[in-house]
Amino acid sequence: MAQLKKPTIKNPELVGAMTDFKQKRNPETEKVMLDVLKDASFIAPISLNTSLDEVEPDAEGKRQLQASLLAVSNKEGEKFFPAFTDWLEFLKWKNEPDAETMVITFDQYCALLLKQKIEVKGIVINPAEANITIRREKMAQMKGVTLPEENAQKKHTITALFGTEKITNNDVIIAASRLRKESSDEARMTLFDALRKAKFVAPVFMDVPENVKPGDTVNAKAEFILINHGEDKFIPLFTSLPELQKWASVPDCKAVPMTFSNYIAMLNDPKGKAAGIVLDPFSIGLAFNKQQALAIQPQIALRSVEKFPDGMTEELTAHLKTLDDVKKAYINGVRVNGEDSFVVVVDLKEDADVPKIAESTAQVAKKYGTCVVAPINSPLGHKATEDRQPFYEV
């Protein structure tokens with residue numbers, strides 16, 4: 001793939017003025033910094049809508065690309081465009097030498113941000129270290145213009161269900177931060193292990209009966225809300241309820257707990273529309289396409305099993321009888337990362353809730369050992385049912 005030429009922007013005068021301002025915050029040091037800022041150019045991370053190789057050059061040999069500026073969120077969920085004074089500062093924030101970037105002037109940021117109804121609140125200069133924020137209000141003051149009045153937006157309502165308000169994922173957050181800084185195999189495996197063990201917060205559309213109590217069984221079909229990521233739709237994994245609440249445009253919804261295996265089941269669903277997963281899209285922003293996400297799951301290999309633990313198929317049969325969408329079920333042996341385990345393969349009706357069925361069935365089977373659940377039309381489901389007869393059939 002052809003690469004964009006990396007910017008050679010440097011801003012020694014601005015960096016010095018920012019250092020003085022951080023060491024001694026007063027009107028004088030702020031004025032010096034803002035005066036230098038007016039003429040500065042920055043490195044901005046972008047997301048290309050088309051590949052450089054896909055665009056034909058014009059008569060002068062130039063290629064015109066469409067790109068979108070990337071934004072980051074602070075702890076309050078406010079969005080800002082990150083602006084970097086030089087390439088080293090960019091690498092401190094995101095150690096990806098091949099990342100797509102562009103050069104943008106302060107005037108261009110102002111022209112973009114001093115508009116009505118834009119969600120981005122300003123720019124943050126060198127967020128990995130100096131972390132100096134210039135808000136739209138300050139930009140308007142520097143340009144001598146008045147910000148247009150923004151229409152008040154309806155606040156979204158997120159109803160937390162089944163203990164989602166208590167979910168935290170410090171291990172995932174720490175591991176993701178480490179991976180951003182060092183991008184090593186060890187850091188990657190640490191994050192993958194944390195993801196597999198974690199429980200996340202998922203936004204869904206779901207009609208729930210009134211007065212639901214903790215521990216109650218709720219029969220309600222959930223429609224998971226996807227998020228736009230580039231040109232595709234991704235499943236968002238939120239590490240906590242406050243992270244979900246950073247999604248300013250999320251519609252009124254319910255928040256429910258989800259395991260990583262639930263998300264993998266969704267990606268395995270042939271009717272699914274998601275192209276991958278993205279972790280905390282308004283802060284961490286780590287995305288994995290479908291193939292990458294499926295590779296995070298433990299390595300599974302079939303093993304020959306002729307006899308299963310006493311009572312296992314009987315208890316699974318009793319459970320599956322309560323699920324109207326299960327037509328048939330098979331059981332086989334698998335080895336998960338070298339550990340003996342079982343796989344239950346379910347043949348489902350067309351509109352079945354795959355993650356919900358997989359989760360409830362795995363909960364029943366876990367007393368007999370580690371167990372994974374797969375739909376019959378998944379790769380694992382196809383392999384595990386070859387030459388097998390169903391132990392359950394409607």
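Me: How many bridges join strand S12 to strand S14, and do these strands run parallel or antiparallel?

Reply: In this predicted model, 3 bridges join strand S12, residues 232-237, to strand S14, residues 276-279, and the two run parallel. One of the residues concerned is Leu237, whose bridge partner in S14 is Leu279. Since two strands pair if there are at least two bridges between them, the 3 bridges found here make S12 and S14 a pair.

Me: What makes S11 and S15 the edge strands?

Reply: The sheet is open, with 4 strands in the order S11-S12-S14-S15 and mixed pairing, and strand S11 (227-229) and strand S15 (286-289) each pair on one side only. Neighbouring strands of this sheet are turned by 40° against each other on average, with direction ignored.

Me: Which helix lies across S12 and S14?

Reply: That is helix H9, residues 260-268, which runs at about 160° to S12.

Me: Why is H1 called roughly antiparallel to H2?

Reply: Helix H1 (residues 12-23) and helix H2 (residues 27-37) pack at an angle of about 160°, their axes being 9 Å apart. Angles over 145 degrees count as roughly antiparallel, and therefore H1 is roughly antiparallel to H2. The crossing in which H1 passes H2 is left-handed.

Me: Which residues make the contact between H1 and H2, and how many of them are nonpolar?

Reply: On H1 the contact is made by Glu13, Leu14, Ala17, Met18, Asp20 and Phe21, and on H2 by Thr29, Glu30, Val32, Met33, Val36 and Leu37. Sorted by class, the contact has 8 nonpolar, 1 polar and 3 charged residues.

Definitions and conventions
Residues are numbered from 1 along each chain as its sequence is written. This is a predicted model: local features need pLDDT of at least 70, side-chain atom pairs count only at pLDDT 80 or more; totals for chains, interfaces and linings use all residues. Side-chain values use heavy atoms; hydrogens and water are left out. Axes are lines fitted to C-alpha atoms, for helices over the stretch in contact, and angles run from 0 to 180 degrees between N-to-C directions. Contact means heavy atoms within 4.5 Å. Angles under 35 degrees count as roughly parallel, over 145 as roughly antiparallel, 65 to 115 as roughly perpendicular and the rest as oblique. A crossing is left-handed if the near helix is turned anticlockwise from the far one by less than a right angle, and right-handed if clockwise. Ala, Val, Leu, Ile, Met, Phe, Trp, Tyr, Cys and Pro count as nonpolar, Asp, Glu, Lys and Arg as charged, and the others, Gly among them, as polar.
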